[in-house]
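This report covers a ligand site, a sheet and some backbone features. The sequence and structure come before the details.

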Amino acid sequence: MAMRWTNTLKDREVTDEATFLNRRQLMAGAAGLGLVGVATGASAEELKPNSFEDISNYCNFYEFGTAKEDPPKYAGALTTSPWSVKIDGMVDSPGDYALEDILSKMTIEERIYRFRCVEAWSMVVPWNGFELADLLALAGVQSSAKYVVFETLVRPEEMPGVKYPVLDWPYVEGLRLDEAMHPLTMMATGIYGKDLPNQNGAPLRLVVPWKYGFKSIKSIVRITLTDKEPATSWNKANASEYGFYSNVNPEVNHPRWSQATERQLGGGLFAGRVPTLKFNGYEEDVASLYTGMDLKTHF
Ligand code: MTE
(Lines give C-alpha, C1' and ligand atoms only; values in the text may rest on other atoms or scores of the structure.)
Protein backbone atom coordinates (compact mmCIF):
# COMPACT_ATOMS: atom_id res chain seq x y z
CA MET A 1 0.00 0.00 0.00
CA ALA A 2 1.39 3.38 -0.95
CA MET A 3 2.14 5.68 1.95
CA ARG A 4 1.03 9.21 1.39
CA TRP A 5 2.20 10.80 4.61
CA THR A 6 5.41 11.59 6.42
CA ASN A 7 7.19 8.56 7.72
CA THR A 8 10.27 9.51 9.66
CA LEU A 9 9.95 6.96 12.45
CA LYS A 10 11.08 3.42 11.78
CA ASP A 11 9.47 0.77 13.91
CA ARG A 12 12.85 -0.83 14.67
CA GLU A 13 13.83 2.42 16.39
CA VAL A 14 11.08 2.15 18.95
CA THR A 15 10.73 -1.55 19.59
CA ASP A 16 13.34 -4.19 20.02
CA GLU A 17 13.52 -6.02 16.71
CA ALA A 18 13.08 -9.54 18.05
CA THR A 19 9.92 -8.55 19.89
CA PHE A 20 8.62 -6.87 16.78
CA LEU A 21 9.28 -9.79 14.46
CA ASN A 22 7.81 -12.19 16.95
CA ARG A 23 4.72 -10.04 17.20
CA ARG A 24 4.31 -9.98 13.43
CA GLN A 25 4.59 -13.73 13.21
CA LEU A 26 2.08 -14.14 16.01
CA MET A 27 -0.34 -11.80 14.32
CA ALA A 28 0.08 -13.22 10.86
CA GLY A 29 -0.16 -16.76 12.17
CA ALA A 30 -3.08 -16.22 14.48
CA ALA A 31 -5.25 -14.14 12.23
CA GLY A 32 -4.07 -15.30 8.84
CA LEU A 33 -3.98 -11.68 7.76
CA GLY A 34 -1.39 -9.70 5.90
CA LEU A 35 0.50 -7.48 8.27
CA VAL A 36 2.51 -4.46 7.32
CA GLY A 37 4.50 -2.51 9.88
CA VAL A 38 3.97 1.22 9.58
CA ALA A 39 5.13 3.94 11.89
CA THR A 40 4.36 7.52 11.15
CA GLY A 41 4.55 10.89 12.73
CA ALA A 42 7.23 12.99 14.27
CA SER A 43 10.83 12.10 14.89
CA ALA A 44 12.11 9.00 16.61
CA GLU A 45 13.82 10.99 19.38
CA GLU A 46 10.44 12.07 20.67
CA LEU A 47 8.26 9.06 19.98
CA LYS A 48 8.42 6.04 22.20
CA PRO A 49 5.30 3.95 22.66
CA ASN A 50 3.75 3.85 26.09
CA SER A 51 3.63 0.44 27.69
CA PHE A 52 0.67 -1.90 27.22
CA GLU A 53 -0.07 -1.30 30.92
CA ASP A 54 -0.09 2.50 30.57
CA ILE A 55 -2.42 2.33 27.59
CA SER A 56 -4.86 -0.18 29.06
CA ASN A 57 -5.04 1.15 32.63
CA TYR A 58 -5.70 4.86 32.13
CA CYS A 59 -8.83 5.12 30.01
CA ASN A 60 -11.76 7.30 29.13
CA PHE A 61 -14.79 5.16 28.28
CA TYR A 62 -17.70 6.75 30.09
CA GLU A 63 -20.07 3.86 29.32
CA PHE A 64 -18.11 2.08 32.08
CA GLY A 65 -17.77 5.04 34.44
CA THR A 66 -16.08 8.42 34.45
CA ALA A 67 -12.91 7.59 36.44
CA LYS A 68 -9.81 6.58 34.49
CA GLU A 69 -9.70 3.26 36.34
CA ASP A 70 -13.39 2.39 35.78
CA PRO A 71 -13.06 1.03 32.21
CA PRO A 72 -10.18 -1.33 33.12
CA LYS A 73 -12.26 -2.50 36.10
CA TYR A 74 -15.63 -2.97 34.38
CA ALA A 75 -15.13 -3.35 30.63
CA GLY A 76 -14.18 -7.01 31.00
CA ALA A 77 -17.93 -7.70 31.11
CA LEU A 78 -18.41 -6.45 27.55
CA THR A 79 -19.30 -9.19 25.06
CA THR A 80 -17.34 -8.40 21.90
CA SER A 81 -18.16 -11.52 19.91
CA PRO A 82 -20.32 -11.83 17.89
CA TRP A 83 -20.00 -8.23 16.67
CA SER A 84 -21.39 -6.49 13.67
CA VAL A 85 -21.38 -2.97 12.34
CA LYS A 86 -24.42 -1.48 10.65
CA ILE A 87 -23.34 0.66 7.72
CA ASP A 88 -26.17 2.78 6.37
CA GLY A 89 -27.19 6.11 4.89
CA MET A 90 -25.64 7.26 1.62
CA VAL A 91 -23.91 4.00 0.66
CA ASP A 92 -24.45 1.57 -2.21
CA SER A 93 -24.46 -1.52 0.00
CA PRO A 94 -26.11 -0.76 3.34
CA GLY A 95 -26.40 -3.59 5.84
CA ASP A 96 -25.11 -5.32 8.93
CA TYR A 97 -21.48 -6.26 8.36
CA ALA A 98 -20.16 -9.07 10.55
CA LEU A 99 -16.80 -8.09 12.03
CA GLU A 100 -15.11 -11.29 10.86
CA ASP A 101 -16.25 -10.59 7.29
CA ILE A 102 -14.88 -7.07 7.48
CA LEU A 103 -11.56 -8.31 8.88
CA SER A 104 -11.20 -10.99 6.20
CA LYS A 105 -11.11 -8.18 3.62
CA MET A 106 -8.79 -5.77 5.42
CA THR A 107 -5.02 -5.53 5.70
CA ILE A 108 -4.00 -5.17 9.33
CA GLU A 109 -1.08 -2.81 9.83
CA GLU A 110 0.78 -1.49 12.84
CA ARG A 111 0.81 2.28 13.19
CA ILE A 112 2.57 4.12 15.98
CA TYR A 113 0.60 7.30 16.58
CA ARG A 114 0.61 10.11 19.07
CA PHE A 115 -2.63 10.27 21.04
CA ARG A 116 -3.58 13.60 22.64
CA CYS A 117 -6.60 13.90 24.92
CA VAL A 118 -8.48 17.20 25.18
CA GLU A 119 -7.73 16.98 28.93
CA ALA A 120 -4.07 17.75 28.05
CA TRP A 121 -2.46 14.36 28.59
CA SER A 122 -0.90 12.27 25.86
CA MET A 123 0.42 8.84 25.00
CA VAL A 124 2.08 7.13 22.06
CA VAL A 125 0.19 4.04 20.98
CA PRO A 126 1.22 1.21 18.65
CA TRP A 127 -2.18 0.48 17.10
CA ASN A 128 -3.09 -2.43 14.86
CA GLY A 129 -5.85 -1.87 12.38
CA PHE A 130 -6.80 -0.79 8.89
CA GLU A 131 -7.68 2.39 7.06
CA LEU A 132 -11.25 3.60 7.49
CA ALA A 133 -11.23 4.44 3.76
CA ASP A 134 -10.94 0.71 2.98
CA LEU A 135 -14.01 -0.08 5.07
CA LEU A 136 -15.99 2.75 3.47
CA ALA A 137 -15.01 1.43 0.05
CA LEU A 138 -16.60 -1.92 0.96
CA ALA A 139 -19.93 -0.20 1.51
CA GLY A 140 -19.57 2.13 -1.48
CA VAL A 141 -19.86 5.79 -0.51
CA GLN A 142 -22.34 7.72 -2.66
CA SER A 143 -21.37 11.07 -4.15
CA SER A 144 -23.99 12.90 -2.08
CA ALA A 145 -22.28 11.91 1.22
CA LYS A 146 -20.33 14.63 3.04
CA TYR A 147 -19.98 13.33 6.61
CA VAL A 148 -19.50 10.04 8.43
CA VAL A 149 -21.27 9.42 11.74
CA PHE A 150 -20.16 6.74 14.23
CA GLU A 151 -22.09 5.22 17.12
CA THR A 152 -20.95 3.18 20.10
CA LEU A 153 -22.84 0.21 21.47
CA VAL A 154 -25.29 0.82 24.34
CA ARG A 155 -25.79 -2.31 26.43
CA PRO A 156 -26.89 -1.31 29.94
CA GLU A 157 -26.50 -4.82 31.37
CA GLU A 158 -22.79 -4.74 30.51
CA MET A 159 -22.11 -1.02 30.74
CA PRO A 160 -22.64 0.34 34.26
CA GLY A 161 -21.96 3.94 33.17
CA VAL A 162 -24.94 4.30 30.83
CA LYS A 163 -27.34 4.45 33.81
CA TYR A 164 -26.03 7.97 34.34
CA PRO A 165 -26.96 10.78 31.95
CA VAL A 166 -23.37 12.05 31.73
CA LEU A 167 -23.74 12.05 27.95
CA ASP A 168 -26.69 11.48 25.67
CA TRP A 169 -26.13 7.77 24.88
CA PRO A 170 -25.20 6.31 22.48
CA TYR A 171 -21.83 8.05 22.22
CA VAL A 172 -21.78 9.60 18.76
CA GLU A 173 -18.88 11.04 16.79
CA GLY A 174 -18.43 12.32 13.27
CA LEU A 175 -15.92 13.31 10.64
CA ARG A 176 -16.11 15.21 7.43
CA LEU A 177 -15.82 12.73 4.55
CA ASP A 178 -12.36 13.95 3.49
CA GLU A 179 -11.12 13.53 7.08
CA ALA A 180 -12.60 10.05 7.17
CA MET A 181 -10.92 9.13 3.87
CA HIS A 182 -7.51 10.46 4.94
CA PRO A 183 -4.90 7.66 5.04
CA LEU A 184 -3.99 8.51 8.65
CA THR A 185 -7.55 7.75 9.81
CA MET A 186 -7.77 4.19 10.99
CA MET A 187 -10.06 1.64 12.57
CA ALA A 188 -8.10 -0.04 15.35
CA THR A 189 -8.52 -3.68 16.28
CA GLY A 190 -5.51 -4.05 18.55
CA ILE A 191 -2.53 -2.61 20.37
CA TYR A 192 0.92 -4.17 20.62
CA GLY A 193 -0.20 -6.95 18.25
CA LYS A 194 -2.84 -8.14 20.71
CA ASP A 195 -6.60 -7.76 20.48
CA LEU A 196 -7.76 -4.36 21.66
CA PRO A 197 -8.43 -4.48 25.41
CA ASN A 198 -12.16 -3.94 25.97
CA GLN A 199 -11.43 -0.74 27.92
CA ASN A 200 -9.69 0.69 24.84
CA GLY A 201 -12.74 0.15 22.63
CA ALA A 202 -12.85 -3.49 21.55
CA PRO A 203 -13.43 -4.90 19.11
CA LEU A 204 -13.30 -1.92 16.75
CA ARG A 205 -12.65 1.77 17.38
CA LEU A 206 -11.77 4.85 15.41
CA VAL A 207 -8.34 6.50 15.65
CA VAL A 208 -7.85 10.02 14.26
CA PRO A 209 -4.38 11.01 15.46
CA TRP A 210 -4.52 14.74 14.66
CA LYS A 211 -7.71 15.29 16.66
CA TYR A 212 -8.39 15.27 20.39
CA GLY A 213 -8.92 11.76 21.71
CA PHE A 214 -12.67 12.07 22.19
CA LYS A 215 -13.14 11.97 18.41
CA SER A 216 -11.66 8.44 18.50
CA ILE A 217 -14.92 6.71 19.34
CA LYS A 218 -14.84 3.21 20.82
CA SER A 219 -16.71 -0.09 20.33
CA ILE A 220 -18.43 1.03 17.13
CA VAL A 221 -21.71 -0.61 16.07
CA ARG A 222 -22.95 1.82 13.44
CA ILE A 223 -21.48 3.98 10.68
CA THR A 224 -23.78 6.29 8.74
CA LEU A 225 -22.97 8.34 5.66
CA THR A 226 -24.88 11.60 5.52
CA ASP A 227 -24.85 15.04 3.91
CA LYS A 228 -25.30 16.97 7.17
CA GLU A 229 -22.79 17.73 9.91
CA PRO A 230 -23.88 15.39 12.71
CA ALA A 231 -24.57 16.35 16.31
CA THR A 232 -21.77 14.69 18.29
CA SER A 233 -21.85 13.69 21.97
CA TRP A 234 -19.39 16.13 23.49
CA ASN A 235 -20.52 18.96 21.27
CA LYS A 236 -24.12 18.37 22.37
CA ALA A 237 -23.01 18.20 26.01
CA ASN A 238 -21.09 21.49 25.83
CA ALA A 239 -20.81 23.24 22.50
CA SER A 240 -18.66 26.09 23.81
CA GLU A 241 -15.98 23.66 25.03
CA TYR A 242 -15.98 20.86 22.42
CA GLY A 243 -16.23 21.71 18.74
CA PHE A 244 -17.05 19.42 15.86
CA TYR A 245 -13.52 19.60 14.44
CA SER A 246 -11.48 19.31 17.63
CA ASN A 247 -8.17 19.35 15.84
CA VAL A 248 -5.27 19.39 18.28
CA ASN A 249 -4.24 23.04 18.39
CA PRO A 250 -1.91 24.63 20.97
CA GLU A 251 -3.09 28.08 19.82
CA VAL A 252 -6.73 27.53 20.75
CA ASN A 253 -7.23 27.00 24.47
CA HIS A 254 -10.06 25.09 26.07
CA PRO A 255 -12.18 27.71 27.89
CA ARG A 256 -11.06 26.20 31.23
CA TRP A 257 -7.42 25.26 30.53
CA SER A 258 -4.49 25.84 28.21
CA GLN A 259 -3.86 23.50 25.28
CA ALA A 260 -0.32 24.83 24.79
CA THR A 261 1.30 21.92 26.61
CA GLU A 262 0.50 18.33 27.52
CA ARG A 263 1.46 15.83 30.22
CA GLN A 264 3.06 12.78 28.68
CA LEU A 265 1.90 9.66 30.46
CA GLY A 266 4.36 7.00 31.49
CA GLY A 267 7.57 7.24 33.41
CA GLY A 268 11.10 7.24 32.14
CA LEU A 269 13.37 9.72 30.55
CA PHE A 270 10.76 11.58 28.55
CA ALA A 271 8.07 11.98 31.21
CA GLY A 272 6.76 15.43 31.97
CA ARG A 273 5.06 18.38 30.28
CA VAL A 274 5.95 19.12 26.70
CA PRO A 275 4.68 21.62 24.14
CA THR A 276 1.64 20.47 22.18
CA LEU A 277 2.14 20.33 18.42
CA LYS A 278 -0.34 21.71 15.93
CA PHE A 279 -2.47 18.89 14.53
CA ASN A 280 -0.65 16.76 17.10
CA GLY A 281 2.48 16.64 14.92
CA TYR A 282 0.64 15.66 11.73
CA GLU A 283 0.41 19.19 10.32
CA GLU A 284 2.28 18.36 7.13
CA ASP A 285 -0.18 15.55 6.41
CA VAL A 286 -3.48 17.18 7.28
CA ALA A 287 -3.23 21.00 7.27
CA SER A 288 -4.43 21.12 3.64
CA LEU A 289 -7.79 19.69 4.74
CA TYR A 290 -8.45 23.01 6.50
CA THR A 291 -7.12 25.54 4.01
CA GLY A 292 -9.02 28.80 4.32
CA MET A 293 -10.79 27.79 7.54
CA ASP A 294 -10.48 29.86 10.69
CA LEU A 295 -9.42 27.20 13.20
CA LYS A 296 -10.42 29.45 16.11
CA THR A 297 -14.01 29.51 14.90
CA HIS A 298 -14.00 25.89 13.72
CA PHE A 299 -12.31 24.54 16.86
N1 MTE B 1 -15.67 6.42 23.08
C2 MTE B 1 -16.75 6.10 23.80
N3 MTE B 1 -17.70 5.32 23.27
N4 MTE B 1 -16.94 6.55 25.09
C5 MTE B 1 -16.02 7.37 25.67
O6 MTE B 1 -16.21 7.80 26.82
N7 MTE B 1 -13.90 8.59 25.43
C8 MTE B 1 -13.08 9.32 24.44
C9 MTE B 1 -12.55 8.39 23.36
N10 MTE B 1 -13.60 7.52 22.88
C11 MTE B 1 -14.86 7.74 24.92
C12 MTE B 1 -14.72 7.22 23.61
C13 MTE B 1 -11.98 10.04 25.05
S14 MTE B 1 -12.37 11.44 25.94
C15 MTE B 1 -10.68 9.66 24.90
S16 MTE B 1 -9.39 10.62 25.44
C17 MTE B 1 -10.35 8.37 24.27
O18 MTE B 1 -11.49 7.62 23.89
C19 MTE B 1 -9.53 7.56 25.25
O20 MTE B 1 -9.06 6.40 24.63
P21 MTE B 1 -8.18 5.37 25.51
O22 MTE B 1 -8.93 5.11 26.76
O23 MTE B 1 -8.04 4.16 24.64
O24 MTE B 1 -6.87 6.07 25.76
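## Basis

Helices (H or I, at least four residues) and strands (E, at least two) are DSSP runs, numbered from the N terminus. The model is predicted: local features need pLDDT of at least 70 and side-chain atom pairs count only at pLDDT 80 or more, while totals for chains, interfaces and linings use all residues. Residues are numbered from 1 along each chain as its sequence is written, and side-chain values use heavy atoms, with hydrogens and water left out.

## Ligand site

The ligand is surrounded by 18 residues, the closest being Tyr62, Glu63, Thr152, Arg205 and Lys218; a residue is near a molecule or strand if one of its heavy atoms lies within 4 Å of it. By class, this shell holds 10 nonpolar, five polar and three charged residues. Here Ala, Val, Leu, Ile, Met, Phe, Trp, Tyr, Cys and Pro count as nonpolar, Asp, Glu, Lys and Arg as charged, and the others, Gly among them, as polar.

A polar contact is a pair of N or O atoms within 3.5 Å; within protein, one must be able to donate a hydrogen and the other to accept it, and residues adjacent in sequence count only if both atoms are side-chain atoms. Tyrosine 62 places a backbone N or O atom 2.7 Å from an oxygen atom of the ligand. A polar backbone atom of serine 216 is 3.0 Å from a nitrogen atom of the ligand. In lysine 218, an N or O atom of the side chain lies 2.7 Å from an oxygen atom of the ligand. On its own the ligand has 530 Å² of accessible area (Shrake-Rupley method, 1.4 Å probe; for residues, only the protein chains shown count as cover), and the protein covers 97% of that area.

Five strands form an open sheet with mixed pairing, in the order S3-S2-S11-S6-S7; two strands pair if DSSP finds at least two bridges between them. Strand S3 (95-98) and strand S7 (172-176) are at the edges with a single partner strand each, so one side of each has no neighbour in the sheet. From one strand to the next, the twist averages 20°.

Strands S6 (residues 147-152) and S11 (residues 220-226) are antiparallel and share six bridges. Valine 149 is opposite threonine 224 in S11. Helix H6 (residues 132-139) packs on the sheet and touches strand S2 (84-89), S3, S6, S7 and S11, contact meaning heavy atoms within 4.5 Å. The direction of H6 makes about 70° with that of S11; axes are lines fitted to C-alpha atoms, for helices over the stretch in contact, and angles run from 0 to 180 degrees between N-to-C directions.

## Backbone exceptions

Most residues other than glycine have a negative phi, and most peptide bonds are trans. The bond from tryptophan 169 to proline 170 is cis, with omega near 0°, and proline 170 sits in the loop between S6 and S7. Alanine 202 and proline 203 are also joined by a cis peptide bond, with omega about -5°.

Tyrosine 192, not a glycine, has a positive phi of about 50°. Serine 219 has a positive phi of about 40° and lies in the loop between S10 and S11.
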